[in-house]
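I opened this one to look at helix packing, ring pairs and surface patches. My entries follow in the order I looked things up.

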Amino acid sequence: MKAANYLNITADQLHPYMASVFPTGNGIIQQDNSSRHKARIVLEWFKEFTDEFHLMSWPPNSPDLNQMEHIWDVMEWQLGA
């Protein structure tokens, strides 16, 4: 998917949804470091709507934010017990 396609989906689908779920503009969106998420046109669009969205960045190579790693840890612990 190209950045322009991602932006179209974000603007046409996500924006109205977030506006209905968070009418006061307190919505938080977290994106990974995909090139389409970091594209200039996407970041500029989010800057335009900073009063409606809080854009969280995703630190690169952060295993603490990988939910699957925590699930594997729990499974290994339970299987070992």
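**Entry 1**

I started at Asn5, which lies in helix α1. I am working from a predicted model, so I kept its confidence cut-offs in mind: local features need pLDDT of at least 70.

Next I followed the axis of α1, which covers residues 3-21. The helix bends by about 35° at Leu14. A proline, Pro16, follows within four residues of that point.

Then I listed the buried side of the helix. Which residues of α1 are buried? I found Ala3, Tyr6, Leu7, Thr10, His15 and Met18. The spacing made me recall a general rule. An α-helix has 3.6 residues a turn, so residues three or four places apart point the same way. I then looked for what covers the buried residues of α1. The cover includes strand β1 (27-30), helix α2 (40-48) and strand β2 (53-56).

**Entry 1: the rings**

I turned to the aromatic side chains. How many aromatic pairs are there? The count comes to four. One of them is Trp45 with Phe49, a tilted pair. Their centres are 4.5 Å apart, and the planes make an angle of 40°. Trp45 has 10% relative accessibility, so I noted Trp45 as buried. Phe49, at 15%, also counts as buried.

Phe46 is buried at 4% relative accessibility. Phe53 is buried too, with a relative accessible area of 5%.

I put the rings together at the end. Ring pairs link Trp45, Phe46, Phe49 and Phe53 into a cluster.

**Entry 2: the surface**

Last, I searched the surface for nonpolar side chains. Which residues form a nonpolar patch there? I found Met68, Ile71, Trp72, Met75 and Leu79. Together they have about 510 Å² of accessible area.

Ile71 is found in helix α3, residues 67-80. At 41% relative accessibility, Ile71 counts as partly exposed. Patch members need over 30%, so Ile71 clears that cut-off at 41%.

Definitions and conventions:
Residues numbered from 1 in each chain as written. Predicted model: local features only at pLDDT ≥ 70, side-chain atom pairs only at ≥ 80, totals over all residues. Heavy atoms only, no water. Bend = angle between axes of the 7 residues up to and from the residue. Helix = DSSP H or I, 4+ residues; strand = E, 2+ residues; numbered from the N terminus. Buried < 20%, exposed > 50% of the residue type's maximum accessible area, 1.4 Å probe, protein only. Contact = heavy atoms within 4.5 Å. Phe/Tyr/Trp six-rings, centres within 6.5 Å; stacked < 30°, edge-to-face > 60°. Patch = residues over 30% accessible without salt bridge, like charges linked within 9 Å, V, L, I, M, F, W, Y side chains within 5 Å. Areas by Shrake-Rupley, 256 points an atom, 1.4 Å probe, with all protein chains shown as cover. Salt bridge = Lys/Arg side-chain N within 4 Å of Asp/Glu carboxyl O.
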